[in-house]
Each structure stands twice: as C-alpha cells, then as structure tokens.
Amino acid sequence: MDVLKEVGNIGAGNAATALSKLLDKPVDMQVPKVNLLPFEAITNIVGGSEQVVIAIFLRVVGDAPGNMFFVIQPASAKKLLERIAGLEIEEEEDRFSEMEYSALHEIGNILAGSYLSSLADFTKLSLQPTVPSLAVDMAGAILSFGLMEYGAMGDRALLIDTKFLEGQDAVEGHFFLIPDPESFGKMFAALGVPVE
Amino acid sequence: MTSLSTVKVGMADLGVLVGAGSLKTTGLGSCVGLTLHDPVARVSGMAHIMLPTSSIAREGSNLNKAKYADTAIPELIDRMQKSGAMTSRMVGKMAGGAQMFAFAATSESMRIGPRNVESCKAILAEYGIPLKGEDTGGNYGRTIELLGDTGILIIRSVNQHIKEL
C-alpha cells in the first residue's frame with residue numbers, strides 16, 4: 001500500500017505542477033490515500049451517489065490497465081474556468097456551455113496526461129491514456145462505470161485518491177486511479193516489490 | 001402528514017417492501033434498477049444490478065447475488081414470495097443501463113449498460129413476468145423510487161424531466 005501511495009504521490013506531484021502552471025499559482029496537493037474501499041464509500045468521497053459532478057474519464061491501456069477519473073464539483077469547475085480560460089461564467093448552477101465543456105475537457109486531459117506519464121516514467125511500464133471523455137452527472141452513475149472490473153471480484157475496489165486544493169477559494173478536485181485487479185502485481189513488480 | 005418509510009437500496013444490493021412507503025436507489029449509470037410489484041399483495045422489490053451474468057464472477061463462495069442479473073432476479077422473487085407475493089401477479093419495471101461515456105460504445109466489453117438491460121429482460125421472460133415500463137439507455141444517470149402502494153416508478157435525472165412509469 002505504501003508503494004502505491006508513493007506511486008500516486010509522484011503522479012499527482014506532476015499533475016499539481018501542471019495545474020499550478022495553468023493557473024500561474026501554487027497548488028496544494030494532499031498526500032494520496034490508497035484504500036481498498038466499498039463501492040458506496042467511493043462515491044461518498046465526492047458527496048454521495050446523487051451529487052452532480054464533472055468527471056473526465058480515461059482508460060489507461062498498456063502494461064497495467066485501469067481507469068482514471070478527474071472529478072470536480074460544478075462550483076470548483078466554474079472557478080477553474082474563470083482562472084485558466086478567462087471565461088465569463090454564468091451563475092446558473094450545473095450548466096456549462098460548449099466552450100466551457102471544451103476547456104474543461106482540455107484541462108482534464110492535461111492533468112491526467114501528466115499524472116500518467118510520470119507514473120509510466122517511474123514504473124518503467126508502458127501506460128497510455130485513451131482519448132478522455134467528459135460527463136456531468138450523478139457521481140454514482142459516473143464512478144460505477146469505473147468499478148465494473150471490480151464488480152466481478154467483490155464489492156470493494158482499490159482507489160488511489162489525491163485531492164487538490166488551490167488558494168483560498170479552494171478549487172477542489174480529485175484524481176481517482178482505479179487500477180484493474182490484474183494490474184497490482186505488475187505495478188508492484190515494476191517497483192521491485194515482491195508480491196505474495 | 002405521516003412520513004412513510006423509504007427503503008434505500010445501495011449499489012449491488014436489493015430490498016423488499018410490504019405495503020406503503022417506497023424503495024429507492026440513487027445514481028444508476030450502466031447499472032439497472034429493476035423493480036417488481038405485486039399489486040394484490042402490495043409487495044414490492046428493487047435490485048440495483050451491476051453486471052449481466054454471474055458466469056463472469058470471480059468472487060468465490062461469498063458471491064453477492066444482488067449484483068448479477070441472473071442471480072438478483074431469482075433472489076428478489078424468492079424474498080417477495082416469502083412476504084406473500086405471487087410470481088404470476090408480478091409486474092416488472094426497470095431503468096438505467098446507460099452508456100455514460102460515448103467512446104465506450106465502440107468496445108463490446110464496455111457495452112455493459114445495454115447488456116445489463118438485455119439480460120434482465122431475458123430473465124423476466126423466463127419467469128413470465130411482464131415488463132410494464134422501461135426507461136433505459138441514453139448517456140445519463142438516474143435515481144429511481146418505487147411507490148409501494150401503487151407500484152408507480154418515479155425516475156429522476158440531472159437534465160431531464162421527471163418521468164413516471
């Protein structure tokens with residue numbers, strides 16, 4: 001678990017750097033939490049299964065496949081858009097224009113890409129992102145999609161959760177990396193940790 | 001106004017209700033919320049089904065029956081019968097089975113939502129239970145609530161109107 005936390009840390013560190021470059025401001029990143037969590041608990045991290053969130057999802061392919069999500073709440077997304085893209089944001093909750101979608105998509109893409117590439121560098125594993133998809137919907141509906149691989153194994157999934165915080169306005173975002181069940185062995189082996 | 005009880009059904013979970021009140025499950029994406037109702041005995045059931053078949057299960061002996069269509073529906077019927085329901089009077093309704101991400105449609109194994117829907121229909125047909133209402137597919141999440149006294153299924157989503165089946 002500590003090794004996975006370190007892996008998460010390295011990936012997230014790079015993503016935090018990328019985000020702070022985009023914002024031109026320092027970005028705090030919390031030490032990743034690595035946990036084997038019940039499905040319900042995973043959606044609770046972002047406010048429960050009915051909470052509306054914005055999620056950028058991409059599938060990690062290559063040596064150690066898995067699912068990756070960048071999840072933010074609508075209010076945080078609006079703040080991000082204001083800062084980065086200089087877009088004038090309408091007050092109306094939960095609604096985004098095509099332009100805003102496109103900007104969020106790109107932000108998520110950059111962050112997820114930098115997370116993944118540093119992970120690949122560190123583990124020497126080939127890890128490529130697929131084209132990311134964006135969805136604005138209930139957290140349960142979105143995240144359950146990433147848990148399907150685990151569904152056949154049990155009712156809990158390994159989650160590497162990193163939380164970002166930016167400034168006083170607290171733009172808060174989560175990175176979820178959910179490696180496929182078959183991927184831990186490869187990750188541990190790549191890191192030189194013996195697998196029982 | 002008296003407040004009626006709401007039975008919450010979690011992900012990969014099922015529940016049964018006798019009489020008034022409601023059964024509710026939130027945030028259905030590619031999962032299917034399957035409901036059964038016996039209007040005479042006023043027994044209702046709901047399952048939050050995640051996967052189409054238990055043949056892919058690698059859970060071993062403590063298999064969670066509520067998770068797979070082919071094990072959840074028989075289990076739900078069984079529990080409802082113990083509460084006085086009869087299979088011959090049951091009607092089914094379901095919602096969910098969405099494809100949350102567009103690109104997923106390109107890969108067969110990612111078509112989990114439609115496969116869940118197909119599997120539920122096939123199993124209901126095996127039991128001869130008519131499917132009286134369906135709100136499936138699309139690319140959005142749903143929260144559903146089944147009213148125990150009437151068997152009406154209320155479907156809420158983020159950007160759509162509230163539907164009733």
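**View 1. Aromatic pairs across the predicted model.** Over all chains, a search of the whole structure finds 5 aromatic pairs. Rings of Phe, Tyr and Trp (its six-membered ring) pair if their centres lie within 6.5 Å; planes under 30 degrees apart are stacked, over 60 edge-to-face, the rest tilted. Phe57(A) and Phe145(A) pair edge-to-face, at 5.3 Å centre to centre and 85 degrees between the planes. Phe57(A) sits in strand β3 (residues 52-62) of chain A and Phe145(A) in helix α5 (residues 139-146) of chain A, 88 residues apart. Both Phe57(A) and Phe145(A) are buried (under 20% relative accessible area, 1.4 Å probe, protein chains only). Ring pairs join Phe57(A), Phe69(A), Phe145(A) and Phe101(B) into a cluster.

**View 2. The open sheet of chain B.** Its 5 strands run in the order β1-β3-β8-β9-β10, with mixed pairing. Edge strands β1 (6-8) and β10 (163-164) each pair on one side only. Strands are DSSP runs of E, at least two residues, and helices of H or I, at least four, numbered from the N terminus; two strands pair if DSSP finds at least two bridges between them. β1(B) and β3 (residues 22-28) of chain B are parallel over 3 bridges. Thr6(B) has Ser22(B) as its bridge partner in β3(B).

**View 3. Arg142(B) in strand β8.** Arg142(B) belongs to β8 (residues 142-147) of chain B. Arg142(B) counts as buried because its relative accessibility is 0%. Beyond neighbours within four places in sequence, its contacts include Met138(A), Thr26(B), Asp135(B) and Arg156(B) (heavy atoms within 4.5 Å).

**Notes.** Residues are numbered from 1 along each chain as its sequence is written, and chains are lettered from A and ligands numbered from 1 in the order written. In this predicted model, local features need pLDDT of at least 70 and side-chain atom pairs 80 or more, while totals for chains, interfaces and linings use all residues; side-chain values use heavy atoms, without hydrogens and water.

Note on methods. Buried < 20%, exposed > 50% of the residue type's maximum accessible area, 1.4 Å probe, protein only.
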